[in-house]
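Reader: I would like to go through this structure one question at a time. Please show it to me before we start.

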Amino acid sequence: ISFNSSHNSWMWKRGRGFDVVTWDGTGANNTLNHSLGKTPEMIWAKARSESQSWLVFHKGLNSGTTPWNWYVTLDGTGAEANWAAWVQAPTSTQFSIISNWSANSQNYIAMLFASVDGISKLGHYTGDGTTNGSKEITLGFAPKFLMLRSTAAGDWLIFDNFRGFYYS
């Protein structure tokens, strides 16, 4: 697919459905505060002080059973993998990390996402095995940006109205 550019970018603003948290490693488990005011449904995280893939944690991974122990990579195509990254599931005010996410002399970043009625929706669904467009997912609003990925191996699919994302 060609969109006449090798680079595209999207930006999010901190607000009701998005927050950014940074922390310095201590070598121990840690509980961190966030300001979403609701439970995150997806968290992207990585070490900023070394070359590392973004790990994506989502409420729908592992079919929604212990999802915070599973991840996919933002810059990769591998299937979901098991790794207990969180001490416990996130809450409306905090998320906890294991000591692997808190190595001494490292600094980290996490981007937290939550659904906001009429603006954003973070969900998951089970495909029906067809390729004829018969699977319909209703969000309750017309999205301007849509990001999808299978939990099996595969690419991220990104659609937006800037480049001609048409929807009914």
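Author: Lys121 sits in the loop between β8 (107-113) and β9 (145-148); strands (E, at least two residues) and helices (H or I, at least four) are DSSP runs numbered from the N terminus. The model is predicted, so local features need pLDDT of at least 70 and side-chain atom pairs pLDDT 80 or more, while totals for chains, interfaces and linings use all residues. Residues are numbered from 1 along each chain as its sequence is written, and side-chain values use heavy atoms, without hydrogens and water.

Reader: Is Lys121 buried, partly exposed or exposed?

Author: Buried means under 20% relative accessible area, exposed over 50%, and partly exposed in between (1.4 Å probe, protein chains only). Lys121 has a relative accessible area of 48%, so Lys121 is partly exposed.

Reader: Which residue of β4 is the bridge partner of Met42?

Author: Strand β3 (residues 42-47) runs antiparallel to β4 (residues 55-58), and 4 bridges join them. In β4, Met42 has as its bridge partner His58.

Reader: With which side chain does the side chain of Gln106 make a polar contact?

Author: Gln106 lies in the loop between β7 (94-97) and β8, and counts as buried because its relative accessibility is 18%. A polar contact is a pair of N or O atoms within 3.5 Å; within protein, one must be able to donate a hydrogen and the other to accept it, and residues adjacent in sequence count only if both atoms are side-chain atoms. At 3.2 Å, the partner of the Gln106 side chain is the side chain of Glu50.

Terms used:
Two strands pair if DSSP finds at least two bridges between them.
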